Amino acid sequence: MGKLYKEHTALLKHREWRGFKDTMYDYYRWLVTWKDMIVMVLKAPVSTVKGLWKYRWMASYLTTPSFIDRHTMGLRGAHLRIVHLHFNMIVKHATGLINTSFKADEKINPNNKLSKKIVLTDEIIPNEVFSGFPNLKVIPLQTLPIFLSSMVDQQITPPYLEVTESFGVPADVCPLPSAEAGVAIEDDYPQMGCCMIATNMPCDGSIMNSTFLDRRLNLPVHCFNVPLRYNGEDVQEYAVDEIKELIKFVEEQTGEKFDWDVFFGALRNTNKQLEYEIEKWDINKTPYPQMTGAAFWLYRIYYFNLSGGVDERFLKVDKKVNKLMLKAYEKKAPVSKEMRHRAVVWSCPANYYTSFANWLENCWGMNVVMDMETMISYLKFNTEDKEQALADLAKTYQRSIMRKHTKGGYKNVVDELWRIVEEYNADTVIMYDQISCKGMDGLAGIFDDQARERNVNFIWVKQDLMDPRTISRRDMREQVNKYMQTVLQEEPLDPSLVDFEDDLAW
Amino acid sequence: MRDLKHLYEFENLLQDANNELVRKAKADGGIALGYTCYHIPEVLLNCGNCFSVRLRAPRTGSMDIATYYMSNFLCGYSKAILERAIEGGYNFLNALLASETCSEMNRAAEHFELLDLVPNDKFFLTFLDAPFKIENHTVKHYVKQTRLKILDMLTNVYGVDTSDAALLKAVEEHNEVCRLMTEIGNYRKEDNPRITGYEYHILNLVTYCCPKALILPALRETAEELKTREPDEKKKYRAKIVVVGSEMDDPDFTSLIEDSGALVVADRFCFGALPGRQEIVINPDEDVLTQICLHYLKTSQCPRFMSHAKVQERRDYVKQLVDEYHADGVMYEQLKFCEYWGYERALASYVMSTDYGVPTAAVDRQYTASASGQLRTRVQAFVESLEIKKIQKERQAKENG
């Protein structure tokens with residue numbers, strides 16, 4: 001497979017041959033991606049073109065088909081279809097977000113009415129609570145300019161990081177909030193909205209970059225806080241109060257009234273999605289997993305945060321995927337060419353190398369059956385009682401992305417890892433050492449100690465979340481290569497993938 | 001200036017967390033309660049026969065073991081605390097009251113449990129969930145947390161009296177320390193202060209690290225001594241500065257600044273007196289614990305408070321200190337790898353100079369800074385720039401008549 005890559009950029013010389021049927025399906029899906037992107041442009045051609053010229057990050061989205069290709073390499077049959085369906089839903093939703101953002105951007109369309117109907121939120125706040133305001137549009141501020149674009153294109157983050165560092169913020173802080181602050185310093189956020197919801201999630205860095213965003217946006221800002229010591233019942237009253245205050249703030253700022261019926265409807269959708277999700281997990285616990293790799297967590301965090309039960313298209317995709325998955329499982333279809341190891345991926349994955357799990361699978365036969373990001377909240381919502389629904393929502397928010405495991409005590413991340421390893425019958429842990437994550441760095445020795453006691457293959461992979469200059473994709477692969485060759489003394493499944501250069505890739 | 005009578009004794013008390021006064025208090029049946037954060041209301045740890053010890057790790061050397069457990073990327077303070085704990089330096093503690101206010105200290109504290117560091121069957125560790133803004137429901141939450149995680153635990157484990165009467169008694173003692181420190185601190189507003197920043201830093205640290213009752217006699221005497229102390233006629237400094245920033249319990253840092261030509265007139269850093277040594281005013285008609293909690297929330301200047309009002313208040317407060325203490329500039333310091341102050345230092349130093357017109361310098365430092373030549377150069381350069389600004393200002397004033 002490595003022979004398909006061009007030197008330096010790892011762009012494909014030609015598409016992968018997967019047999020007639022799968023190649024045609026893959027090509028068809030490639031065309032669908034382009035179709036969705038073109039439709040987005042056609043919906044608002046002037047605004048989109050202006051946005052493309054105005055914002056550095058927008059050009060990154062032109063590489064979306066290549067991003068999807070990186071995640072489908074080597075896939076066949078049901079697995080290929082499942083991954084494509086998930087990515088396509090992400091593309092459909094993201095193009096909608098871009099479309100709304102540019103239409104509402106006052107830098108592009110001054111004094112437009114749509115802008116006043118928009119509530120900006122910190123991207124880490126899941127969408128459920130805003131479903132109660134069906135007449136408003138909610139835009140997660142940082143998602144398009146930096147979070148999503150950094151996954152699509154590894155080259156987009158460094159310029160923003162440099163801006164922040166030039167401003168005086170140290171280079172050792174987590175690069176995600178740092179890059180978000182950089183976008184603010186550069187004035188590269190679309191200008192829109194009637195108010196902003198900031199949050200203390202997920203971590204210390206995000207708390208602090210809110211001061212940079214606040215200074216740039218100059219909008220009424222509400223700080224929505226979620227308790228940290230979330231395992232105790234003693235924090236739940238405060239957590240619910242915070243949600244009520246948030247609703248009150250939005251009502252005051254927009255004049256809209258919270259619609260409980262619509263809210264309950266969204267929660268019902270989320271419950272249904274959760275059922276499908278848990279079926280995926282259950283199948284992955286068996287010897288015949290049907291969905292491994294990065295699409296698992298990418299799709300999970302995307303719908304968890306950005307749909308929040310509001311967009312029913314996600315539910316349709318889940319239904320379709322569920323059908324495909326069960327059928328393949330009944331046939332005991334192998335998820336990949338050869339599954340030598342069942343791996344759990346722990347800690348925050350690198351945004352600049354989301355397809356790392358795909359490489360693990362193709363190069364070393366290491367299938368990622370579960371990961372930390374996927375294992376965010378799986379609590380069901382009460383959909384009839386208002387107080388109970390808010391209490392459930394509060395608990396869900398306490399267990400959201402990058403939050404559930406890194407806060408509230410070491411047990412949430414250390415003990416939880418060993419529980420997952422056991423449940424998923426994993427023999428290997430890919431432990432991301434996100435070098436700037438203080439919450440995870442602070443437990444490095446404990447992880448090592450306990451891994452030794454359990455005798456699992458514990459592979460540390462250093463990475464810098466958003467900054468490929470510190471530790472490149474190639475450096476990440478090399479750490480696994482060394483472990484596989486020296487400790488486990490294994491031969492690669494595909495030797496052409498062991499070492500290749502992709503520093504100049506998107 | 002004549003040396004302060006108790007200065008040497010105070011300096012010695014800061015050489016060890018388990019210092020002479022701590023040992024004496026323990027021998028008298030006192031309960032030693034460690035803490036590391038302003039979000040743990042200090043006064044609550046001085047109820048009944050308890051006494052608070054704000055943890056430091058003086059004379060820190062190698063941090064190899066702590067680095068194994070917490071990597072290279074965590075702040076020196078959290079690692080030094082862990083290293084010292086592993087060495088047995090905190091074996092005297094009866095409890096550690098922690099709060100998940102920053103990830104790094106939180107992880108350091110968790111290792112007390114993970115590695116079972118304090119050999120005492122009754123030793124306990126609690127984590128408080130502190131709010132990020134001040135509103136009615138967040139105050140209520142904070143009060144509930146302090147009741148559950150601090151007072152109830154002390155009563156249940158050690159039978160400590162945490163009644164309102166006991167709290168009021170602790171407040172009274174705390175307030176006396178604050179009155180004395182404020183009285184002493186006010187001398188720093190003088191044109192030619194009769195106390196140096198280093199001396200004040202030592203006095204202030206002693207009040208955090210020693211049992212209050214045992215330190216008060218020497219503190220009273222020092223306050224009395226200062227009433228008649230004459231400063232040197234010739235000023236030894238070239239500029240007055242306010243130091244603002246993250247955790248700092250190293251008087252050598254202040255000494256380094258003062259050896260480089262500046263005088264530290266206000267200490268707006270974590271472990272400083274601003275805030276930390278303000279009296280707690282109790283209204284007899286209101287709930288005592290709520291008022292104590294509110295005092296700490298309102299006075300806290302931690303960058304963790306993220307509401308717009310609190311952010312603005314932090315900047316206004318620094319400007320107020322500059323004016324009150326007649327400072328020429330502000331030095332923002334950040335303990336390396338401190339996530340909160342990494343951001344705050346950058347933005348606040350920019351805002352202070354552009355929006356408030358106050359000259360600023362921003363430095364990062366290691367937990368122990370005494371040997372840093374680099375830092376000395378930065379301070380010297382800042383002092384020179386302040387001098388140039390002063391000269392330019394005077395020249396401009398002359399030109400304008």
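Helix α8 (residues 204–217) of chain A and helix α13 (residues 339–354) of chain B have axes that come within 8 Å and cross at roughly 15°. Here axes are lines fitted to C-alpha atoms, for helices over the stretch in contact, and angles run from 0 to 180 degrees between N-to-C directions. Because angles under 35 degrees count as roughly parallel, over 145 as roughly antiparallel, 65 to 115 as roughly perpendicular and the rest as oblique, α8(A) is roughly parallel to α13(B). The crossing of α8(A) and α13(B) is right-handed; a crossing is given that name if the near helix is turned clockwise from the far one by less than a right angle, and is left-handed if anticlockwise. From α8(A), the residues A:D204, A:G205, A:M208, A:N209, A:T211 and A:F212 meet B:E339, B:Y340, B:Y343, B:E344 and B:L347 of α13(B), where two residues are in contact if their C-beta atoms, placed from the backbone, lie within 7 Å. By class, this contact of α8(A) with α13(B) has 5 nonpolar, 3 polar and 3 charged residues; Ala, Val, Leu, Ile, Met, Phe, Trp, Tyr, Cys and Pro count as nonpolar, Asp, Glu, Lys and Arg as charged, and the others, Gly among them, as polar.

This is a predicted model, in which local features need pLDDT of at least 70 and side-chain atom pairs count only at pLDDT 80 or more, while totals for chains, interfaces and linings use all residues. Residues are numbered from 1 along each chain as its sequence is written, and chains are lettered from A and ligands numbered from 1 in the order in which they are written. Helices (H or I, at least four residues) and strands (E, at least two) are DSSP runs, numbered from the N terminus.

Over the whole interface, 41 residues of chain A are in contact with 42 residues of chain B. On the side of chain A that touches chain B, two or more residues each come from α8, β4 (221–224), α9 (236–254), α16 (438–441) and α17 (444–454) of chain A, and the largest share, 9 residues, comes from α8(A). By class, that side of chain A has 20 nonpolar, 12 polar and 9 charged residues.

Within chain A, the axes of helix α6 (residues 157–167) and helix α7 (residues 175–185) come within 7 Å and cross at roughly 80°, and α6(A) and α7(A) are therefore roughly perpendicular to each other. Among the residues that make this contact are A:Y160, A:L161 and A:F167 of α6(A), together with A:P175, A:V183 and A:I185 of α7(A). The contact of α6(A) with α7(A) has 9 nonpolar, 4 polar and no charged residues.

Chain A also holds an open sheet of 4 strands in the order β6-β5-β7-β8, with parallel pairing; two strands pair if DSSP finds at least two bridges between them. At its edges stand β6 (366–371) and β8 (457–463) of chain A, each with a single partner strand, so one side of each is left without a neighbour in the sheet. The twist averages 30° from one strand to the next. Strand β7 (residues 428–434) of chain A is joined to β8(A) by 7 bridges, the two running parallel, and A:I430 has A:I459 in β8(A) as its bridge partner. Helix α15 (residues 414–423) of chain A packs on this sheet, touching β5 (341–346), β6 and β7 of chain A, and its direction makes about 160° with that of β5(A).

In chain B, 4 strands form an open sheet in the order β2-β1-β3-β4, and its pairing is parallel. Its edge strands, β2 and β4 (124–128) of chain B, each pair on one side only. Strand β1 (residues 31–35) and strand β3 (residues 95–99) of chain B pair in the parallel sense over 3 bridges, and B:G34 stands opposite B:L96 in β3(B).

| Peptide bond | Omega |
|---|---|
| A:M201 to A:P202, cis | near -10° |
| B:L274 to B:P275, cis | near 0° |

A:P202 is found in the loop between β3 (195–199) and α8 of chain A, and B:P275 in the loop between β6 (262–269) and α11 (288–299) of chain B.
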